[in-house]
Amino acid sequence: MTKQLQILVVEDEEAIRTGLADVLVYHGYGVESAATGPEGLRKALTGQFDLIVLDIMLPGIDGYEICDRMRAQDPEQAIIMLTAKTSDEEIIHGLKLGADDYVNKPFSVQQLLLRIEAVLRRSQAGIEQARNIRLRDVEIDTANLSGRKGSESLSFTRREIAVLSYLAQHSDRPVSREELLTKVWGYPGNLEFETRTVDIHIAKLRRKIEGLPKEPVNLVTVRGAGYRLVTLD
Ligand code: CA
């Protein structure tokens, strides 16, 4: 028998919170919910959840702060953020704080379930640890989520290291955004998912590992084919 996966839903809108809890229980998950920021933070920090579904706009403490505090305690915690606006800034801010994924409101239950399954599949599988990665002027320590660019020290999220590791393992060829979504994010390959998540991560990575992010020499775009990591090994 496999263990029942536990999900914490932090959402102040009652209809969404209870609706989501019902659907997740129906799909076999154990669910706890919280209606305010402080309650969500307390449960997140004291409980053992396989995944936290986290609204951003919450009374008391917002979802960004909960995500940040949770990450400080447990860098491995899987988190999906619910974003009310479709603004890139909101999404980037959430991903920067270490959310694994985001779903825009209003969302379909089916869409959220697929993302939940994908995030859980990844976190259950763990990150495949690659060797350290050497690039021009950059060294990346994948085990410690850190690196150096000249005298500057770098830090990476788990997801960024997973992207870099996958690209490094296939550095002899370009990797398409769809392949990254399938292999690194764990989405089923036959679904049309937005590829913006990949682009946002690539842009963030370039700011870290390139001298001139607009003229990349390490993480290059191969027109019409995808991204390629130019490794020195
Ligand atoms: Ca809200």
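**Close-up views of a predicted protein model**

View 1. At 56% relative accessibility, Met 57 is classed as exposed, whereas Asp 12, with a relative accessible area of 31%, is partly exposed. Here buried means under 20% relative accessible area, exposed means over 50%, and partly exposed lies in between (1.4 Å probe, protein chains only). The model is predicted, so local features need pLDDT of at least 70 and side-chain atom pairs count only at pLDDT 80 or more, while totals for chains, interfaces and linings use all residues. Residues are numbered from 1 along each chain as its sequence is written, and side-chain values use heavy atoms, leaving out hydrogens and water.

**View 2. Three protein donors surround the calcium ion.** Asp 12 (OD), Asp 55 (OD) and Met 57 (O) lie 2.1 to 2.3 Å from the ion; donors are N, O and S atoms within 2.8 Å of the metal (3.2 Å for Na, K and Ca), and because water is not among the atoms, sites may look incomplete. Asp 12 sits in the loop between strand 1 (6–10) and helix 1 (14–26), and Met 57 in the loop between strand 3 (51–55) and helix 3 (63–73), so this pair ties together parts 45 residues apart in sequence. Helices (H or I, at least four residues) and strands (E, at least two) are DSSP runs, numbered from the N terminus.

**View 3. Helix 2 (residues 37–46) has buried residues.** These are Gly 37, Gly 40, Leu 41, Lys 43 and Ala 44, and they pack against strand 1, strand 2 (30–34), strand 3 and helix 3.

Key: Contact = heavy atoms within 4.5 Å.
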